[in-house]
Amino acid sequence: MNIILHSARHNPEVRFTLITNLNETHESWERVFGDMTKPSNVIFAPYTFEMIVREINKDNVGLGSTPIMIKNPYKLIDFKPMYGKIFQKELAGYTHWGWFDLDIHLGDVKRSYECDYHEEDFISYDNTRVHGPLMVNRNTEFVTTFYKNVLLYPDVFSMLQGARAILFDEVFMPHLIKKNQTVTLKRSHKRSCEGQEVYMWYKGEMQGSSGSCVIYHFGGG
């Protein structure tokens, strides 16, 4: 956990929001992170699992009236593409939003992608268009509600409504993006150090054998 926070400290232009049942008191922080100082660009958004489920169930994130079964926290990984809707209060005023796993090491997020953040709707560090460990998305109505395209595929939507996690972000969102001709510049940016024998990180810059990297996913799961 301290690795991702250390990475965040060296990306001062990016705000990292931790959705957590912890609060920002010294006691809560010290219990989890020890004597590490909290980076100024890392904030806590206090949510319990039950609170997130209630947010989703308010209107089923615009996916009809049938409740979506969420019995355990792991199911929430299917809702990553919906975080822009679920946490819209926290995202007000920001040009982009996204998600990240905690078992990653980050390089320079804004510069390593080598892309136009003002034009691209979905920015993935991998060649799969949407990736679970790290995504950056434009904070527009089109992008934030893009997941609703799943309603065009009743079989997939039925699986999403079930209690079992289906990896909706990595398995099905790329298909929805590929099929939609209105997505702006649907590029992928191969900026991962995974699979390289050696990578180096120094003061926020990460380099692998093939050049600059934005992420090393050391957990892999």
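Which side chain meets that of Asp169 in a salt bridge? The partner of Asp169 is Lys80, with an N to O distance of 3.9 Å. Helices (H or I, at least four residues) and strands (E, at least two) are DSSP runs, numbered from the N terminus.

The structure is a predicted model, in which local features need pLDDT of at least 70 and side-chain atom pairs count only at pLDDT 80 or more, whereas totals for chains, interfaces and linings use all residues. Residues are numbered from 1 along each chain as its sequence is written, and side-chain values use heavy atoms, with hydrogens and water left out.

Six salt bridges are present in the structure. Side chains of opposite charge can pair when their charged atoms come close. Lys80 also forms a salt bridge with Asp101, for which the closest N and O atoms lie 3.2 Å apart. Asp101 is located in the loop between strand E3 (96-100) and strand E4 (104-106), and Lys80 in the loop between helix H3 (49-57) and helix H4 (83-86), so this pair ties together parts 21 residues apart in sequence. Asp169 counts as buried because its relative accessibility is 2%. Through shared partners, salt bridges join Lys80, Asp101 and Asp169 into one network. Lys80 is likewise buried, with a relative accessible area of 9%, and Asp101 counts as buried at 15%. The term buried means under 20% relative accessible area, exposed means over 50%, and partly exposed lies in between (1.4 Å probe, protein chains only).

A further salt bridge connects the side chains of Lys75 and Asp78 (2.9 Å, N to O). Lys75 counts as buried at 0% relative accessibility, and Asp78 counts as buried at 0% as well.

On the surface, Tyr74, Leu167 and Val171 form a nonpolar patch with about 280 Å² of accessible area together. Patches consist of residues with over 30% relative accessible area and no salt bridge, like charges being joined within 9 Å and nonpolar side chains (Val, Leu, Ile, Met, Phe, Trp, Tyr) within 5 Å. Accessible areas come from the Shrake-Rupley method with a 1.4 Å probe, and for residues only the protein chains shown count as cover. Leu167 is situated in the loop between helix H8 (154-161) and helix H9 (168-179), and counts as partly exposed at 32% relative accessibility.

Terms used:
Salt bridge = Lys/Arg side-chain N within 4 Å of Asp/Glu carboxyl O.
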